[in-house]
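This report looks at one protein model, beginning with a single residue and widening to the whole chain. Please view the sequence and the structure together before reading on.

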Amino acid sequence: MSTFTAFYTAWSDQLQQLLRQLCSAPKPPTTQDHLHHLNHLVNKVLSHYAEYYRVKAAAAERDVLDIFAAPWASAFEKSLHWIAGWRPTTVFHLVYTESSILFESHIVDILRGVRTGDLGDLSPTQFRRVSELQCETVKEENAITDELSEWQHSVSDLMGATTDVDKMVERLVTVVRKADDLRLRTLKRVVDLLTPQQAVEFLIAAVELQQGIREWGMNQDRECKY
């Protein structure tokens, strides 16, 4: 087991603990203490993701090909990867999906003018800003994809006697770093557009999706061994 694989296993277990804290948080918050608690939990989760990308960046510097191989991930998880991780624009699909589900479940209250304060109660301004951020993220995502494509097309240069392999590897490390930076930045910017309650609900959905995919994938891998 590689050092990063061991780290990821422990990190994933800690993420599960944070999920339980998010699920048990007061929603909707009715006091200032509740609001402070929600903000504290949101910051804890974001810090946890930031730590993941900090350690991953160091691991990529040591062996970027191992990061792409992702031995800590199931085959199903790997099939969903975009440059050694989740696609940043997935965040927006999650926001829209969760918002739609909650909106439909509260449709009667909303038509009566009752504000729920959850993800189903996003304001027009919030929707506009999420949409604008999505457009920006798509452009950055496409630019990084193009950069990886250029790197892949240059692989034929490896056959040349004068090819600087170390420099090619450094270029790949840079691509991964840019992808991870976009992932974390997108997560933080979406959270910044939400209220504390909405941010907690969004993070619950994001972690449950991530952990659900991992659990299903691991189960499939175990079944394939028999």
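Val-191 counts as buried because its relative accessibility is 7%, where buried means under 20% relative accessible area, exposed over 50% and partly exposed in between, with a 1.4 Å probe and protein chains only. Val-191 belongs to helix H8, which covers residues 165-192; helices are DSSP runs of H or I with at least four residues, strands are runs of E with at least two, and both are numbered from the N terminus.

Setting aside residues up to four places away in sequence, Val-191 touches Val-42, Leu-46, Ala-199, Phe-202 and Leu-203, a contact being heavy atoms within 4.5 Å. Val-42 lies 149 residues from Val-191 along the chain, yet their C-alpha atoms are separated by 8.4 Å.

## Basis of the model

This is a predicted model, in which local features need pLDDT of at least 70 and side-chain atom pairs count only at pLDDT 80 or more, while totals for chains, interfaces and linings use all residues. Residues are numbered from 1 along each chain as its sequence is written, and side-chain values use heavy atoms, with hydrogens and water left out.

## The overall fold

The protein has 9 helices and 0 strands, and its C-alpha atoms fill a box of roughly 75 × 40 × 35 Å along the principal axes. Of its 226 residues, 39% are buried. Among contacts between residues at least 6 apart in sequence, 77% join residues at least 24 apart.

Ser-99 lies in helix H5 and counts as buried because its relative accessibility is 4%. Beyond its neighbours within four places in sequence, Ser-99 is in contact with Leu-119, Gly-120, Leu-122 and Phe-127. Leu-65, by contrast, is 34 residues from Ser-99 in sequence and 38 Å from it in space, C-alpha to C-alpha.

## The largest pocket

The largest pocket holds about 560 Å³ of space; a pocket is an open set of points on a 1 Å grid where a 1.4 Å probe fits, with protein on both sides within 12 Å along at least five of seven lines, and lining residues have an atom within 4 Å of a point. Its lining comprises 25 residues, of which Gly-85, Trp-86, Arg-87, Gln-210 and Ile-213 lie nearest the centre.

Helix H1 (3-24), helix H2 (32-62), helix H5 (90-105), H8 and helix H9 (196-224) each supply at least two residues of this lining.

Methods:
Grid points are joined across faces, edges and corners, and a volume is the space filled by probe spheres set on the points.
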